[in-house]
Amino acid sequence: MTKITDSAEWKALEKHYNEIKNTEMRDLFDDDKDRFNNFHLNLDDFLVDFSKNRITKTTSKLLNDLAGKVKIDDWKKKQFSGEKINNTENRAVLHTALRSQDEQPIIVDGLDVKPEIKKTLEQVKSFSESINNGTWKGYTGKKINTIVNIGIGGSDLGPAMVCKALKPYAHKDLNIHFVSNVDAADLSLTLEQCDPETTLFIVASKTFTTQETMTNAFSARHWFLSHAKNNQEVAKHFVAVSTNLKKVEEFGIHEKNMFIFWDWVGGRYSLWSAIGLSIAIYLGFDNFKQLHHGAYEMDQHFLNAPIEKNIPVQLALIGVWYINFFKFNTQAILPYDQGLSLLPSYLQQADMESNGKFIDRDGHRVCVETGPVIWGESGTNGQHAFYQLIHQGTQFVPCDFIMPIKSHYDLGEQKNTHHKILMSNLIAQSQSLMMGKSIDEARAELLNTGLSDDEIESLLPHCSFEGNRPSNTILFEKLTPINLGRLIALYEHKIFVQGIIWNINSFDQWGVEYGKQIARLVLPKIKGERTSSCFDGSTNNLIDYIKKNC
């Protein structure tokens, strides 16, 4: 395949970059009074403002040409139709099918996957309602009031993020915990808050062999049986999201309480599947379906909107512009909503596990930089941690500011005060990153402080800001299941589009598996009595040091 960097579209962007790389966004706004209207898009109450970026109308046209060159529209159809675009694992990529709202069949290996999806969702609905209405009882006849989800990666991050974000919709008499780390502290501190008579454990592992998950699951079962004493009672307090019936039954979970999902559901895209059982229980099945509905709306927008009006495509292209031309290889996710505080971690996996690749679809080393480093924190906490670097550091960090306009939380007369302060900070940060503060502006401010001329001159370099630092702002009326569904799907599609442009498979994760493979070799050496000699000098000595001191 011809390298994208050899294409006329890429070369046109390189030429354009050299022409505008020093352009100030201040000037772009001065020259175009209608810039906001030209560089924002809406999906109902969901607004994405990308006007504070180092782009012009020419940039957008050239980026759109690039999207056309790599046949974005064709790739969208391949994904949604069930074609096996995960070429290294020979799998379809159909998390979008899980939230489909239409009856159009999707054929994989000669079979329509829609009936199986419907069947599993009905099972999730029935089970979640049995917990919510109290018909499911624990081994002493008490109603379940605590859910513990045991999983890792996509079996943890997605459900945990959604449940925290949508806590205002949760059943008030339910508590929920997520255990992922094999560090005993994670499970131990969770169990301290649980009553074995009223706790339900969801063990989420496709193979039911994931080391971290199953270590935690067996320890949780041991804790439970230390109270219940009877192995038969495990079935009343443990359910599984898995495909390995034999292992599930050996654990003590009844077949009817195993919820399946499929190889065309990648872990980091799996919250829409039975992996979302914890979401359906905690928030109620109707809200779980509303989450699906919001994602479906974004799916339809992504499928049908033209490139220049397509929100995920436009954000993806802007990201490529920064990563491959400006060499800005990091991005901050900055939600100004405490409920979304887990969103940066969730998107770390979604993006970095998807596009953190140096080998392309054809097995060759990539010819461009690929996935950015994703990080962030909820506002305003991040402002008192790392915004110094964002404003004045030597690295430029494109930012996504995200916020609902209305809050769920009522503090009486103080409600609007809290939220308005929060909103003012979001707006101020995006504005100040773009505008900066010139030496003259800083001098004018300092003249009113009573400082001497010499003191002012010495402070000026420290009090000025280059500005011209890019950001997107995403606003929506309220953090509802529908809007959260839209938001998650937006980033899923953005990541997919960037993978297409870079010609990488965004749906495998061989790097994740490699570390696990080595860990399986190291564990016997840590458990053994002999000194280690089969690894490099550093690793052997670290193993021996641990054995001597543990």
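This dialogue covers the pockets, a central strand pairing, salt bridges and cavities of one predicted model.

Me: What should be kept in mind about the model before its features are read?

Reply: The model is predicted: local features need pLDDT of at least 70, side-chain atom pairs count only at pLDDT 80 or more, and totals for chains, interfaces and linings use all residues. Residues are numbered from 1 along each chain as its sequence is written, and side-chain values use heavy atoms, with hydrogens and water left out.

Me: How is a pocket defined, and what volume does the largest pocket have?

Reply: On a 1 Å grid over the protein atoms alone, a pocket is an open set of points with protein on both sides within 12 Å along at least five of seven lines, whereas a cavity is a set of points where a 1.4 Å probe fits but cannot get out; lining residues have an atom within 4 Å of a point. Grid points are joined across faces, edges and corners, and a volume is the space filled by probe spheres set on the points. For the largest pocket this gives a volume of about 1000 Å³.

Me: Which residues lie nearest the centre of the largest pocket, and which elements supply its lining?

Reply: Helices (H or I, at least four residues) and strands (E, at least two) are DSSP runs, numbered from the N terminus. Thr210, Gly267, Gln509, Glu513 and Lys516 lie nearest the centre, out of 39 lining residues. At least two lining residues come from each of α10 (211-228), α15 (343-355) and α21 (510-527), and α21 has the largest share, 6 residues.

Me: How does the lining of the largest pocket divide by class?

Reply: Ala, Val, Leu, Ile, Met, Phe, Trp, Tyr, Cys and Pro count as nonpolar, Asp, Glu, Lys and Arg as charged, and the others, Gly among them, as polar. The lining of the largest pocket has 15 polar, 13 nonpolar and 11 charged residues.

Me: What space lies in the second largest pocket, and which element gives the most to its lining?

Reply: The second largest pocket holds about 520 Å³ of space. It is lined by 24 residues, with Asp337, Gln338, Ser407, Tyr409 and Leu422 closest to its centre. Two or more lining residues come from each of α8 (157-165), β12 (399-406) and α17 (415-435). Helix α17 gives the most, with 5 residues. By class, this lining has 9 nonpolar, 9 polar and 6 charged residues.

Me: Which strands pair with β12, and in what sense?

Reply: Two strands pair if DSSP finds at least two bridges between them. Strand β10 (residues 330-335) pairs with β12 in the parallel sense over 4 bridges, with isoleucine 333 partnered by aspartate 400 in β12. Strand β13 (residues 471-478) also runs parallel to β12, joined by 7 bridges, and there methionine 403 stands opposite leucine 475.

Me: Why is β12 described as largely enclosed?

Reply: Buried means under 20% relative accessible area, exposed over 50%, and partly exposed in between (1.4 Å probe, protein chains only). In β12, 6 of the 8 residues are buried, so the strand is largely enclosed by the rest of the structure.

Me: Where does the salt bridge of glutamate 297 and arginine 486 lie in the chain, and is each residue buried or partly exposed?

Reply: The closest N and O atoms of this pair are 2.7 Å apart. Glutamate 297 is in helix α13 (residues 285-304) and arginine 486 in helix α20, 189 residues apart. Glutamate 297 is partly exposed at 21% relative accessible area, whereas arginine 486 is buried at 4%.

Me: How many cavities are there, and what lines the largest?

Reply: There are 3 cavities of 30 Å³ or more, and about 120 Å³ of space lies in the largest cavity. Its lining has 18 residues, with Gly319, Tyr322, Gln331, Pro398 and Lys494 nearest the centre. Helix α14 (311-326) gives the most to this lining, with 5 residues.

Methods:
Salt bridge = Lys/Arg side-chain N within 4 Å of Asp/Glu carboxyl O.
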